[in-house]
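Subject: Structure for your review

Dear colleague,

Please find below the structure that I am handing over to you. My notes on what was found in it follow, and I would be grateful if you read them with the model open.

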Amino acid sequence: MASIHLKNLGHRYSASDAGLDNPYALNPLDQVWEDGGAYALLGPSGCGKTTLLNIISGLLRPSEGRVLFDGEDVTDLSTERRNIAQVFQFPVVYDTLTVAENLAFPLRNRGMGSTTIEARVAETLTMLGMEGRAKERARSLNADDKQKISLGRGLVRTDVRAILFDEPLTVIDPHLKWQLRTELKKIHERYGHTMIYVTHDQTEALTFADKVVVMNAGSILQVGTPKELFDRPRHTFVGTFIGSPGMNVLRCTFDGDAAVVDGLRLLLDEATVTAAHARGLAESGVSLEVGIRPESLVIVEAGARIADDPHCINVDVIGVEDLGRHSLVRLRLGQQLLCALHPEGAAIPEAAALRFDPARTLLYANSLLVEANG
Amino acid sequence: MKVQNNKAWLMVLPMLLLVAVSAIIPLMTVVNYSVQDTFGNNEFFWVGTEWFQEVLASERFHNALQRTLLFSALILAIEIPLGIAIALAMPRRGIAVSFCLVLMALPLLIPWNVVGTIWQVFGRVDIGLLGHGLASLGIDYNYTQNTLDAWVTLIIMDVWHWTSLVVLLCYSGLVSIPEVYYQAARIDGASRWAVFRFIQLPKIKRVLLIAVLLRFMDSFMIYTEPFVVTGGGPGNSTTFLSIDLVQMAVGQFDLGPAAAMSLIYFLIILLLSWVFYTVMTSLDNDAASEQGRH
């Protein structure tokens with residue numbers, strides 16, 4: 001087990017890409033993955049997640065920067081010498097071998113004695129819940145079990161420094177996904193491996209990981225706990241990518257103590273206002289946006305009772321979708337569209353207004369969150 | 001519901017006719033000859049299995065059969081491993097792929113008798129590049145007089161002509177292996193041999209079976225090339241079953257024994273192909289136990 005430090009790391013697939021606007025598949029970054037952490041690497045397809053993972057495992061050599069395991073430079077070490085386990089999107093099993101022989105394969109390749117191997121294989125089979133199936137031919141297994149074997153070939157080595165998962169549950173039956181993910185979580189709690197789990201599915205990322213790393217277009221945008229990512233996304237992409245539906249992002253200007261959307265004033269909290277003034281955002285001309293989670297909006301009835309409330313603004317309801325526990329209400333605020341969640345069964349007033357919470361109304365300058373320490 | 005009309009038969013009819021004319025009728029003619037004798041004048045006498053017994057007992061047949069078996073065994077022993085090795089060494093991407101594929105396909109495009117002629121001239125001591133070159137190096141090489149030289153020439157010719165087929169078949173199997181298998185093997189610390197044994201070989205096994213069957217049948221039935229190069233000589237040393245058969249049927253006009261020999265020849269090919277198929281498809285079951293013995 002090891003901490004992993006990616007030091008000034010960047011990757012270009014070929015030197016000839018240098019002429020492109022952005023030649024990097026992975027923009028230069030500096031990132032530390034702590035020993036024993038369970039990380040999820042979340043981002044849309046093609047954002048560089050797999051590239052990053054392959055650089056850590058050594059399948060790919062970064063075009064710049066270093067990879068450090070516990071401070072030791074492993075950039076030039078082979079995958080085998082790095083002692084990494086990696087589970088791929090599509091299960092890889094050695095067809096002609098049995099389940100037990102598949103699990104023994106990485107140990108045999110490293111020249112271990114047969115008694116040690118037998119003990120390790122038996123232990124791993126128990127870990128995977130596949131006791132008594134050692135003699136089955138790997139080819140005849142279903143996709144779920146094949147993926148378990150792929151995982152098992154990583155777990156069978158006691159000394160792996162990290163286990164990397166590259167969207168490992170893509171081909172797994174939905175009802176088994178939960179079960180396998182829970183098993184992974186248990187294995188992590190018991191053995192404390194450093195785990196990095198690549199996925200484009202936010203549910204998977206948020207349920208598996210202690211810390212989620214959100215990537216887009218070759219850059220790491222934010223690293224945080226699921227709650228941090230949800231409550232205070234540092235980039236509008238994080239806000240829209242995480243959450244279902246994602247955060248509402250509206251173009252705005254900044255004036256005094258509020259974000260102004262098409263002439264309507266959305267009040268901001270004190271810290272944001274101070275930070276915005278400090279950066280001179282009112283006159284700077286940078287592109288400003290306001291981000292509000294649909295979950296933090298409350299639909300109220302418009303009328304005299306809320307007319308004087310500065311937190312409430314009249315909106316037009318343009319559509320309602322039933323999401324089960326909630327209704328998704330599509331609204332128009334000024335010229336811009338947004339959505340809000342409304343409890344299932346509660347009536348939606350004909351003349352509606354929205355109540356905004358200043359603490360959960362976030363201001364973004366050039367897509368980055370405006371905050372006190374930023 | 002019972003089918004009321006028999007139109008389907010009309011659809012099958014052209015194919016039936018084609019198969020009848022191209023395969024069944026000629027085959028039955030051979031069967032017919034093999035059980036009869038004739039003294040000309042279109043008079044035939046029933047002789048039963050006499051020709052079969054004669055052929056099976058004849059030394060001439062045994063010798064030709066042994067030569068043919070040896071030839072096929074050598075061809076398979078050389079072309080299959082060589083083909084796999086070349087396929088493994090071929091590039092997987094880039095412009096070099098097309099270049100290699102074209103290069104590999106070239107020998108396959110040459111008609112068999114031309115291949116024979118090329119090598120017949122190539123190996124000649126007086127004017128051939130190979131023969132003359134060897135002679136000027138002081139090596140005593142003459143495929144028209146030395147049995148070993150004749151065999152070496154025929155085998156090198158066949159290897160040159162047909163290894164490409166094995167290469168192309170294996171290559172098609174190899175490129176179909178997803179990259180992730182190789183990545184997993186690196187994670188698992190597999191050696192080059194282990195990668196071949198447990199990833200590549202299992203994946204190319206099916207095409208390899210086809211390659212082995214094709215090369216066996218082709219080499220076992222080889223006629224044109226040795227006929228052109230050596231004519232079956234020196235002596236009878238390169239007289240394979242096919243050459244012997246043609247001499248018997250066309251040269252001596254012994255239709256009865258030739259027909260019986262054709263059928264025996266056919267059955268041997270069928271039998272050996274079945275053996276290859278059975279052995280190679282059951283290899284699966286042994287693979288696992290082999291890993292266990294490591």
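**Chain A as a whole**

Among the contacts in chain A between residues at least 6 apart in sequence, 68% join residues that are at least 24 apart. Please bear in mind that this is a predicted model. Chain A contains 12 helices and 21 strands. Taken along the principal axes, its C-alpha atoms fill a box of roughly 80 × 50 × 35 Å. Of the 374 residues in chain A, 41% are buried.

**A sheet in chain A**

Chain A has an open sheet of five strands, in the order β15-β19-β16-β17-β18, with antiparallel pairing. Its edge strands are β15 (298-301) and β18 (336-343), each of which pairs on one side only. On average, and with direction ignored, neighbouring strands of this sheet are turned by 50° against each other.

Next, β19(A) and β16(A) run antiparallel and are joined by four bridges. Here A:Cys312 stands opposite A:Arg355 in β19(A). Strand β16 (residues 312-322) of chain A also pairs with strand β17 (residues 326-333) of chain A, in the antiparallel sense and over six bridges. Within that pairing, A:Asp322 has A:Ser327 in β17(A) as its bridge partner.

**One residue of the sheet: A:Leu333**

A:Leu333 lies in strand β17 of chain A. Is A:Leu333 buried or exposed? A:Leu333 is buried, because 21 other C-beta atoms lie within 10 Å, and a residue counts as buried at 20 or more. Leaving aside residues up to four places away in sequence, A:Leu333 touches A:Leu250, A:Val261, A:Leu264, A:Ile313, A:Val315 and A:Leu338. A:Leu333 and A:Asn314 are 19 residues apart in sequence, and their C-alpha atoms are 7.6 Å apart in space.

**Two helices in chain A**

Helix α3 (residues 99-109) and helix α5 (residues 143-155) of chain A pack at an angle of about 35°, with their axes 8 Å apart. The crossing of α3(A) past α5(A) is right-handed. On the α3(A) side, the residues that meet α5(A) are A:Val99, A:Asn102, A:Leu103, A:Phe105 and A:Pro106, and on the α5(A) side they are A:Ile149, A:Gly152 and A:Arg153. The residues of this contact comprise five nonpolar, two polar and one charged.

**Helix α3 of chain B and two partners**

In chain B, helix α3 (residues 59-89) packs against helix α7 (residues 147-175) at an angle of about 45°, with the axes 7 Å apart. The helices α3(B) and α7(B) are therefore oblique to each other. α3(B) passes α7(B) in a right-handed crossing. Residues of α3(B) in this contact include B:Leu74, B:Ile78 and B:Leu82, while those of α7(B) include B:Ile155, B:Trp162 and B:Tyr171. By class, the contact of α3(B) with α7(B) has 17 nonpolar, two polar and two charged residues.

What is the angle at which α3(B) and α9(B) pack? The angle is about 145°, and the axes of α3(B) and α9(B) are 9 Å apart. Again, α3(B) passes α9(B) in a right-handed crossing. Among the residues that make the contact are B:Thr68, B:Phe71 and B:Leu76 of α3(B), together with B:Val212, B:Arg215 and B:Phe220 of α9(B). The contact of α3(B) with α9(B) divides into eight nonpolar, four polar and two charged residues.

**Where the two chains meet**

Between the chains, 20 residues of chain B are in contact with 23 residues of chain A. On the chain B side, α8 (179-187), α9 (192-220) and α13 (283-293) each supply at least two residues. Which helix gives the most to the side of chain B that touches chain A? That helix is α8(B), with six residues. The residues on the side of chain B that touches chain A are 11 nonpolar, six polar and three charged.

Yours sincerely,
A colleague

Conventions:
Residues are numbered from 1 along each chain as its sequence is written. Chains are lettered from A and ligands numbered from 1 in the order in which they are written. This is a predicted model: local features need pLDDT of at least 70, side-chain atom pairs count only at pLDDT 80 or more; totals for chains, interfaces and linings use all residues. Axes are lines fitted to C-alpha atoms, for helices over the stretch in contact, and angles run from 0 to 180 degrees between N-to-C directions. Angles under 35 degrees count as roughly parallel, over 145 as roughly antiparallel, 65 to 115 as roughly perpendicular and the rest as oblique. A crossing is left-handed if the near helix is turned anticlockwise from the far one by less than a right angle, and right-handed if clockwise. Two residues are in contact if their C-beta atoms, placed from the backbone, lie within 7 Å. Ala, Val, Leu, Ile, Met, Phe, Trp, Tyr, Cys and Pro count as nonpolar, Asp, Glu, Lys and Arg as charged, and the others, Gly among them, as polar. Two strands pair if DSSP finds at least two bridges between them. A residue is buried if 20 or more other C-beta atoms lie within 10 Å of its own, exposed if 12 or fewer, and partly exposed in between; C-beta atoms are placed from the backbone.
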